[in-house]
Amino acid sequence: MSDPHAAEKPKLSVLGLGHVGLPTALGFVELGFEVTGCDDDTSKVAMIRAGQTPFYEPGLDALLKRALASGRLTVTESVEQAVRTGTVLFVCVGTPQKENGEADLGQVEAIARTIARNLNGYKLVVEKSTVPAVTAQWISKTMARFAKPSNISGNPAAEFELASNPEFLQEGKALENFFNPDRIIIGVESERGRALLEQVYRPFKCPILFTTVCTAELTKHAANAFLSTKISFINMVAEICEAVGADVTEVAKGMGLDPRIGREFLNAGVGFGGYCFPKDLRAFIHLAHERGLDCGLLCEVDKINRRRVEIIVKKVRRALWVVQGKKLCVLGLAFKGGTDDIRESPALNVITDLLKEGACLQVHDPQAMEACQKEHPAQPGRLEYCSSVDEAARGAEALLILTDWEEYRRLDLKRLKELMESPIIIDGRNLLDPESVRSAGFEYVGMGRDAGAKRRPATAESAAQ
Ligand code: UDX
């Protein structure tokens, strides 16, 4: 995407090179911008400078090599340098959650102080990290407090302003989402700031929504909370399907044909995880509670989601009777297919509970085993990391699918039946076709689609109806 406006492109700095910052920095370099990317993790900076990406994301390796070769990317651990070099500063630092679910904005505050202390001309500070509404007001207040007097008082060159430009990148599809976003949301108050961001996003053809900073901040939380609600809704329906003998995947298909509903994010399973949905949901709940507002709906969304782990462990018990000492094949550790990210992965919660029940796990994941071993070191005979599905299935009493990797949709059932001790598949992601699994001689247990399973008797009053 070459751009005739290359000359007047503003200099960009990306503060924080994680799952949001690195794709964002490399994406803008690819679009012809000069970008200074910084991160206070010196080992990460060294890796990136050496052309290695610190996490798995399809296509990111190649884009990094192109960016380094282009000469338009500077990677530094000096936030000061990045602040002084850029005009548009994208804040992409982590906003993890605190015990009480509140978003931990410590890294955002630290960056605000550093920016303030290094103002050397007009700066547009753009929130890209997911932050609660009104965070920009706090950043602004902090910067005004810490900006060196010489830089502010009466020196127009040292003006700064805040904008919000939430990202909607999905892990595993980050570059696809960056270059082909459904929409771009920009919260900015001044014409100057708006003009700058219009320049930055000129290469994009999707709708660009300009609004207030606070509204843009809230849009991100609302969007993630809504998608989480959609997933918990279909998981709640899955529970009802099991109780009455319906198939949730068919229900989702029927619902999804209504464009007002849409089929996307109606996949019942082990529940949502990852770095974003769980923490953004809790931060949104906290934001509402802090203002004395009832957020019952979202609390239920969280409750339904936490229940998914319990439900799948119950299915293992129901299939195996005694779990203690049983060898189980576990396919999937990442919070979803396409990433090596295990943060808040439902799969890890299932594994933890099964280990507590005394099961012996043989686990496999195409990308996330290295990250998982750091948190859950191998235990001979209890927790084994296997380099192939076959190795994980060998001698197993049951096979669990916990992450929706594409390759797990194409399992060699005949081979697995030969390798396993007993042919039981518990499909925590409804990846497989129950009929073909059953006709291959397996017991099949899905999430909300056990047409064959025993029905839950209707209560007296419903029976009386
Ligand atoms: C999410 C948002 O999609 C993205 O816009 C935002 O910028 C960051 O957070 P991500 O965390 O990468 O992206 O994951 P996503 O693909 O949204 O999946 C979130 C979780 O929901 C995963 O655990 C996934 O397995 C689960 N999920 C998703 C379901 O259980 N069912 C579905 O139908 C869809």
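In strand β13, I401 has D427 as its bridge partner. The model is predicted, with local features needing pLDDT of at least 70 and side-chain atom pairs counting only at pLDDT 80 or more, while totals for chains, interfaces and linings use all residues. Residues are numbered from 1 along each chain as its sequence is written, and side-chain values use heavy atoms, with hydrogens and water left out.

**Exercise 1.** Work out the strand order of the sheet and state which strands stand at the edges.

*Solution.* 
- Step 1. Strands are DSSP runs of E of at least two residues, and helices runs of H or I of at least four, numbered from the N terminus. Two strands pair if DSSP finds at least two bridges between them.
- Step 2. β12 (residues 398-401) and β13 (residues 424-427) run parallel and are joined by 3 bridges.
- Step 3. The open sheet has 6 strands in the order β11-β10-β9-β12-β13-β14, with parallel pairing.
- Step 4. β11 (383-385) and β14 (443-445) each have a single partner strand, so one side of each lacks a neighbour in the sheet.
- Step 5. From one strand to the next, the twist averages 20°.

**Exercise 2.** Describe how helices α13 and α14 lie on the sheet.

*Solution.* 
- Step 1. Contact means heavy atoms within 4.5 Å. Axes are lines fitted to C-alpha atoms, for helices over the stretch in contact, with angles from 0 to 180 degrees between N-to-C directions.
- Step 2. α13 (residues 296-320) lies across β9 (327-331), β12, β13 and β14, at about 165° to β13.
- Step 3. α14 (residues 346-356) touches β9, β10 (360-364), β11 and β12, and its direction makes about 160° with that of β10.

**Exercise 3.** Is D365 buried or exposed, and which polar partners does its side chain have?

*Solution.* 
- Step 1. D365 sits in the loop between β10 and α15 (369-375).
- Step 2. D365 is buried (under 20% relative accessible area; exposed is over 50%, partly exposed in between; 1.4 Å probe, protein chains only).
- Step 3. D365 has no salt bridge (a side-chain nitrogen of Lys or Arg within 4 Å of a carboxyl oxygen of Asp or Glu). The nearest side chain of opposite charge, R429, is 9.0 Å away.
- Step 4. The D365 side chain reaches the backbone nitrogen of A368 at 2.8 Å, and a 2.9 Å polar contact joins it to the side chain of W405.

**Exercise 4.** Which residues does E384 contact, leaving aside its neighbours within four places in sequence?

*Solution.* 
- Step 1. E384 lies in β11 and is partly exposed, at 33% relative accessibility.
- Step 2. With those neighbours left aside, the contacts are L361, Q362 and V363.

Note on methods: Lys and Arg count as positive and Asp and Glu as negative; His and the chain ends are not counted. A polar contact is a pair of N or O atoms within 3.5 Å; within protein, one must be able to donate a hydrogen and the other to accept it, and residues adjacent in sequence count only if both atoms are side-chain atoms.
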